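Please examine the structure shown below.

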Amino acid sequence: MSSRRIIILFVVLELIIAGIAVAADGFSVSALQTTTRFSGRLSLFLFSAIFLLHHKPETLHAWLSSKFYLLFAIVHGIHLIELSSYIYLSGTPLVPIRVAGGFLGYAFIFLMPVLSDFETNGRISTRNFFIVQTVFLYYLWLLFFLTYLPRVQGKLPNAGGHYAEHVALLGWVSTMLGIKLTNLIQFKK
């Protein structure tokens, strides 16, 4: 699929998420929280494909386009805008360590499309890109894991959503790592 089409498709999905939240809760902070929550899940879906298939770029190119890091940066950038708006409007207090970890994650997210283009154009070596990509993938995996773990533990009671939802998402994120490690073991054999 072309980069332009897939980006438009995901932006439309973000608009649909927001539209459904507004239809359910009106123009409210609650609707913004719902929008943010499901936007994050859309980002997780996209990240899952990248995390599990990055070693099969032809599959990612066919499903998401050759600019899959740009697509992820746009989708997660939309999520960042929604999340920042929700935090501001709801008066949710920020936890400095979570903000620092998230900032580094977003820096990685917005840097990866640039580095991917650099690698494609020969401005950085494939080996160096592979190292950065590996750190990026596992760091972001850790952030998604740490997003759902405190929800399951009940440490973020105002996070929204249901307990079963959080358990399922933590289970999926954990399963992603299991799949990845299984593939690594099989690859080494």
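T36 is found in helix 2; helices (H or I, at least four residues) and strands (E, at least two) are DSSP runs, numbered from the N terminus. Leaving aside residues up to four places away in sequence, T36 touches H79, E82, L83 and Y86, where contact means heavy atoms within 4.5 Å.

## Basis of the model

This is a predicted model, in which local features need pLDDT of at least 70 and side-chain atom pairs count only at pLDDT 80 or more, whereas totals for chains, interfaces and linings use all residues. Residues are numbered from 1 along each chain as its sequence is written, and side-chain values use heavy atoms, with hydrogens and water left out.

## Packing of helix 1 and helix 2

Two packed helices are described by the angle between their axes and the distance between the axes. Helix 1 (residues 3–25) packs with helix 2 (residues 29–53) at an angle of about 150°, and their axes are 8 Å apart. Axes are lines fitted to C-alpha atoms, for helices over the stretch in contact, and angles run from 0 to 180 degrees between N-to-C directions. The angle makes helix 1 roughly antiparallel to helix 2; angles under 35 degrees count as roughly parallel, over 145 as roughly antiparallel, 65 to 115 as roughly perpendicular and the rest as oblique.

On the side of helix 1, the contact is made by F10, L13, E14, I17, A18, A21, V22 and D25. Helix 2 contributes S30, A31, T34, T35, F38, S39, L42, F45 and L46. By class, the contact of helix 1 with helix 2 has 11 nonpolar, 4 polar and 2 charged residues. Here Ala, Val, Leu, Ile, Met, Phe, Trp, Tyr, Cys and Pro count as nonpolar, Asp, Glu, Lys and Arg as charged, and the others, Gly among them, as polar.

## Aromatic pairs

The structure holds 11 aromatic pairs. Rings of Phe, Tyr and Trp (its six-membered ring) pair if their centres lie within 6.5 Å; planes under 30 degrees apart count as stacked, over 60 as edge-to-face and the rest as tilted. The rings of Y69 and F129 have centres 6.4 Å apart and planes at 80°, so this pair is edge-to-face. Y69 lies in helix 4 (residues 68–90) and F129 in helix 6 (residues 126–152), so the pair ties together parts that are 60 residues apart in sequence. Y69 is buried, with a relative accessible area of 3%, and F129 is buried at 6%.

The pair of F108 and F136 is also edge-to-face, because the ring centres are 6.0 Å apart and the planes stand at 65°. F108 belongs to helix 5 (residues 96–120) and F136 to helix 6, so parts 28 residues apart in sequence are tied together. Both residues are buried: F108 has a relative accessible area of 16%, and F136 has 1%. One aromatic cluster is formed by F68, Y69, F108, F129, F136 and Y139.

## A buried glutamine and an exposed proline

Q133 is placed in helix 6 and is buried, at 8% relative accessibility. Q133 touches H54, Y69 and M112, not counting residues up to four places away in sequence.

P93 lies in the loop between helix 4 and helix 5 and counts as exposed, at 69% relative accessibility. The C-alpha atoms of P93 and G26 are separated by 24 Å, and the two residues are 67 residues apart along the chain.

Key. Buried < 20%, exposed > 50% of the residue type's maximum accessible area, 1.4 Å probe, protein only.
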